[in-house]
Amino acid sequence: MTGEVLLDIDGAIATITLSNVPKRNALTVHMRRALVSMVNKVQDDPAVRGVVLTGDGAEAFVAGADLVELAGYATPAELLAEAIALDAELTAAWDRLEKPVVAMIQGYCIGAGLLLALDADIRIAGEGSQFAIPAARLGLGLGSAYVEGLAATVGSSWAAEILFSARRLSAAEALRIGLVNHVVPAGELRTFTMALVTEIAQNAPLTIAASKVAIRQLRLEPAQRDHTRAEALSEACNSSADLVEGQTAFKEKRQPRFTGR
């Protein structure tokens, strides 16, 4: 097995790092499986209020799937079937995760890497980063959920160009089409990202969870949206101790101390 997924929790911030440096953090089946476990772990940790998703080193976030793994399987379809099954588990884990996720991207964010970055709520890129989905050059079929997630982020026309042309986009172009939220100098990427995640983690976790669930519903067809869950989370905010604390802190002109209750 090559590659691993690292989890570091520092106070309210969890950092998940995809580490397969010799292969530019190419995503293996082993790493997909580990990522499911990590995402579930941070959701179940009440101390965690913000998550950073990143790649190890300065060369790549994730440069795609590890196609060398094909040699260990009877057929490419066999590997793809396992990867698709694990992606379904990962999708379920992301959907369960009510905590904000910020992708910190430096270098190559290609194929499976870009699809993974789309699971984050916010994406921040270092200058010089590159983005692409080269499936059309490899003959790979993408599931409709991936296509819908991309189109929900950048619009159908840009999703079409990204998928049909398979060309690489610069960080500046990714910013222009809304694929990333910010582009900063590479040397400032970590400082900028951690400052934003820290700011988010200081806000009311129940409000953020309710907002996140409502936003993610927009990726689904109207008939598939779980309005009951979104409304229940919203109602929980309005009957919470955090609402009282937020109002009290505002009146007292101080920083609120939210507990998530």
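Let us begin with the surroundings of Ser129. Leaving aside its neighbours within four places in sequence, Ser129 is in contact with Ile105, Gln106, Gly107, Leu169, Ser170 and Ala171, where contact means heavy atoms within 4.5 Å. The model before you is predicted: local features need pLDDT of at least 70 and side-chain atom pairs count only at pLDDT 80 or more, while totals for chains, interfaces and linings use all residues. Residues are numbered from 1 along each chain as its sequence is written, and side-chain values use heavy atoms, with hydrogens and water left out.

Where does Ser129 lie? Its place is in the loop between strand S7 (122-126) and strand S8 (130-132). Helices (H or I, at least four residues) and strands (E, at least two) are DSSP runs, numbered from the N terminus. Is Ser129 buried or exposed? With a relative accessible area of 1%, Ser129 is buried; buried means under 20% relative accessible area, exposed over 50%, and partly exposed in between, using a 1.4 Å probe and protein chains only. The side chain of Ser129 reaches the backbone oxygen of Gly126 at 2.8 Å.

I turn now to the salt bridges. How many salt bridges does the structure hold? It holds 11, a salt bridge being a side-chain nitrogen of Lys or Arg within 4 Å of a carboxyl oxygen of Asp or Glu.

One of them joins Lys23 to Asp66, with the closest N and O atoms 3.1 Å apart. This pair links distant parts of the chain, 43 residues apart: Lys23 is in the loop between strand S2 (13-19) and helix H1 (29-44), and Asp66 is in the loop between strand S4 (60-62) and helix H2 (76-96). Lys23 is partly exposed at 31% relative accessible area, whereas Asp66 is buried at 5%.

Another salt bridge is formed by Glu59 and Arg24, whose closest N and O atoms are 2.8 Å apart. Glu59 lies in the loop between strand S3 (50-55) and S4, and Arg24 in the loop between S2 and H1, so the pair ties together parts that are 35 residues apart in sequence. Glu59 is partly exposed, with 43% relative accessibility, and Arg24 is partly exposed, with a relative accessible area of 37%.

Asp95 and Arg216 also form a salt bridge, their closest N and O atoms being 3.1 Å apart. Because Asp95 lies in helix H2 and Arg216 in helix H9 (residues 205-217), the pair ties together parts that are 121 residues apart in sequence. Asp95 is partly exposed at 35% relative accessible area, but Arg216 is buried at 12%.

My last topic is helix H6. Which residues of helix H6 are buried? In this helix (residues 156-165), the buried residues are Ala159, Ile162 and Leu163. They cover an arc of only 90 degrees around the axis, which puts them on the same side of H6; the arc is that of the directions from the helix axis to the C-beta atoms. As background, an α-helix has 3.6 residues a turn, so residues three or four places apart point the same way. On the other side of H6, Ser157 and Phe164 are exposed. The buried residues of H6 pack against H4, H5 and strand S9 (169-170). Just after H6, Ala166 takes a positive phi of about 60 degrees.

Key
A polar contact is a pair of N or O atoms within 3.5 Å; within protein, one must be able to donate a hydrogen and the other to accept it, and residues adjacent in sequence count only if both atoms are side-chain atoms.
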